[in-house]
Amino acid sequence: MSSGEKLLRRQRNLIIFLLIGSLLLFSWLKLQSDRVARKKVPGSSIIYLPSGKYLKHLTFGYSSLVADIIYLWAIQYYGNYAIPDRFKYLEHIFSIISELDPKYVDPYEVGALIAVYEAGDPNLAYKILDMGLEKNPDMWIFPFQAGHIAQMQKDFEVAREYYRKAMEIPGAPPIVKRLYAHAAYRTMDYQEAWEMWKEVYETAQEDWVKEIAYNHLYRVKSTVDTTALTALVNKFREKYGRLPSDLKALVRVGLLKEVPKDLDGKDYVYDPKTGEVKPARVWWKR
Amino acid sequence: MKITTIARNTFKEAKRDRVLYLLFFFAAGCLLFSRFLALLTVGDRIKIIKDVGLASISLFGMLMAILMGTGLVYKEIDKKTIFTLLAKPIHRVEFLLGKFLGLVLTIFIMTGLMAAVFLLILFLHTFTVEWKILLAILYIFFELCLMTAVALLFSTFTTPILASLYSLGFYLIGHLSWSMEMLIKKVKSGAGRAALQVLYIVLPDLENFNFKTEVVHNLPIPAKLLGISFLYGVVYTAFILLLAMLVFRRRDFI
């Protein structure tokens with residue numbers, strides 16, 4: 001081997017040695033830099049994101065892809081418990097995704113779940129789902145989910161309205177009608193609840209659905225009857241200064257034409273000591 | 001001596017490149033545009049100006065480094081001037097270092113000019129000179145030095161178009177590699193996780209040079225981090241240059 005070749009080989013070995021050395025050194029430096037905590041502005045990465053309408057123009061036709069990226073990022077961001085006020089921009093983020101890809105269903109559903117279960121803000125969940133319905137008027141799932149959230153919050157007026165919307169969208173499953181009927185009962189619209197459960201009963205294909213509908217019909221009728229009978233019992237007490245001995249006494253004094261029976265044809269149970277009127281059976285135990 | 005001569009010539013050559021002025025023109029345009037963009041915001045306008053300004057310097061500086069760096073060696077080979085150069089007592093390593101330093105000097109001057117325009121615009125809004133901004137710009141410059149080395153590396157073995165694409169890929173990886181940490185947490189321990197961890201350490205982390213958020217929001221920057229980031233930049237740049245030397249040494253021009 002000539003001295004020139006030897007020199008070249010030595011140079012090559014030196015470069016390789018330096019390469020390995022620098023590789024190890026920058027790897028070590030990388031680990032060191034990771035250990036230094038950097039101050040961050042919570043949510044700074046999203047505060048200044050422009051609205052979806054404007055952002056769409058900046059995506060150069062990749063709006064769907066950008067929506068995916070923001071959505072994936074949002075999931076990670078909202079899973080980060082180190083940012084206490086991360087929910088402040090929840091609506092902003094999900095409205096951006098909605099503008100970029102209006103037909104993307106998951107973000108509306110997940111956004112609403114984050115809003116209600118993580119942020120504890122059902123109104124925000126309704127807003128996100130309303131956004132979904134506005135962009136996808138044929139998707140019953142949005143008002144259905146909103147109705148479910150309202151039902152969980154015991155806000156049956158809101159739940160009823162959302163179930164009504166869901167019911168009107170073609171393709172909505174039969175359970176929506178049942179939930180609407182239940183919400184109508186809880187908002188004390190017994191007439192509507194009766195009509196709806198009757199329709200469910202008459203149109204049901206399965207026996208178990210018929211049974212559920214019948215139980216609810218039993219409940220609606222017994223609620224209406226026992227409420228009316230209790231009012232008449234109170235009227236009797238005001239007039240005669242005592243409670244009636246039985247429900248037939250209301251007929252005898254002309255307050256009632258006939259004592260109603262429950263849906264099974266059984267008499268309501270009356271307690272002459274307290275004046276309480278209740279159905280013969282518990283509706284859901286029938 | 002030879003290195004400085006090549007660097008000086010590279011700088012002279014770069015000065016004549018019209019791409020440089022075109023990019024500077026666009027960068028200045030963006031810096032001025034930030035003033036109008038700020039009008040659209042509700043709240044702190046200065047924040048928008050600072051964000052757009054720093055992003056413009058970073059982005060156009062990166063384009064300068066890539067577009068000019070990727071042609072550095074290729075042009076010499078394409079025009080056959082490399083034969084004349086290497087026939088002289090110039091080592092290939094000296095040739096590469098000279099090219100690198102010449103372009104770094106060009107980038108330094110261009111970054112300085114962009115910074116001057118930016119500071120002037122800021123001064124016209126706030127009537128104060130925010131020197132802290134210069135810290136963010138300095139680290140942008142360190143990042144651009146690394147990008148110049150990367151462009152030079154690719155320039156030693158491929159065409160400018162491909163080298164530009166590879167350099168752009170390096171830039172994107174460098175700014176996204178931090179998110180691998182999240183991926184590592186999701187992957188169960190095993191070979192896959194170990195491979196990801198190695199990749200996470202070895203891949204460039206250009207976020208180490210990103211102090212834009214801290215400067216704009218006036219957040220404290222740990223001195224230790226500044227030191228580590230500087231060293232990281234120096235060592236990574238040296239690593240890339242060594243790699244370029246290794247490739248260029250073996251390059252056959254016939």
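Me: How many salt bridges does the rule find across the interface of chain A and chain B in this predicted model?
Reply: One salt bridge is found there by the rule.

Me: Why is the pair D205(B) and K30(A) called a salt bridge?
Reply: The closest N and O atoms of D205(B) and K30(A) are 2.6 Å apart. The cut-off is 4 Å between a side-chain nitrogen of Lys or Arg and a carboxyl oxygen of Asp or Glu, so the pair qualifies.

Me: Which element of chain A gives the most to the side that touches chain B?
Reply: Helix 1 (residues 3-35), with 18 residues. That side of chain A divides into 14 nonpolar, seven polar and six charged residues.

Me: How many residue pairs are in polar contact between chain A and chain B?
Reply: Five, with both residues at pLDDT 80 or more.

Me: What makes up the contact between chain A and chain B, in residues?
Reply: On chain A, 27 residues touch 32 residues of chain B. Heavy atoms within 4.5 Å are what counts as contact, so these residues qualify.

Me: How much area do chain A and chain B bury between them?
Reply: About 2,800 Å², with 72% of it on carbon and sulfur atoms. F26(A), K30(A) and R38(A) lose the most area in chain A, together 25% of what that side buries.

Me: What share of chain B is buried?
Reply: Of its 254 residues, 50% are buried. Each of these is under 20% relative accessible area, so the word applies.

Key:
Residues numbered from 1 in each chain as written. Chains lettered and ligands numbered in written order. Predicted model: local features only at pLDDT ≥ 70, side-chain atom pairs only at ≥ 80, totals over all residues. Heavy atoms only, no water. Buried area = accessible area lost by both parts, 1.4 Å probe. Polar contact = N/O pair within 3.5 Å; in protein donor to acceptor, adjacent residues only side chain to side chain. Helix = DSSP H or I, 4+ residues; strand = E, 2+ residues; numbered from the N terminus. Nonpolar A, V, L, I, M, F, W, Y, C, P; charged D, E, K, R; others polar. Buried < 20%, exposed > 50% of the residue type's maximum accessible area, 1.4 Å probe, protein only.
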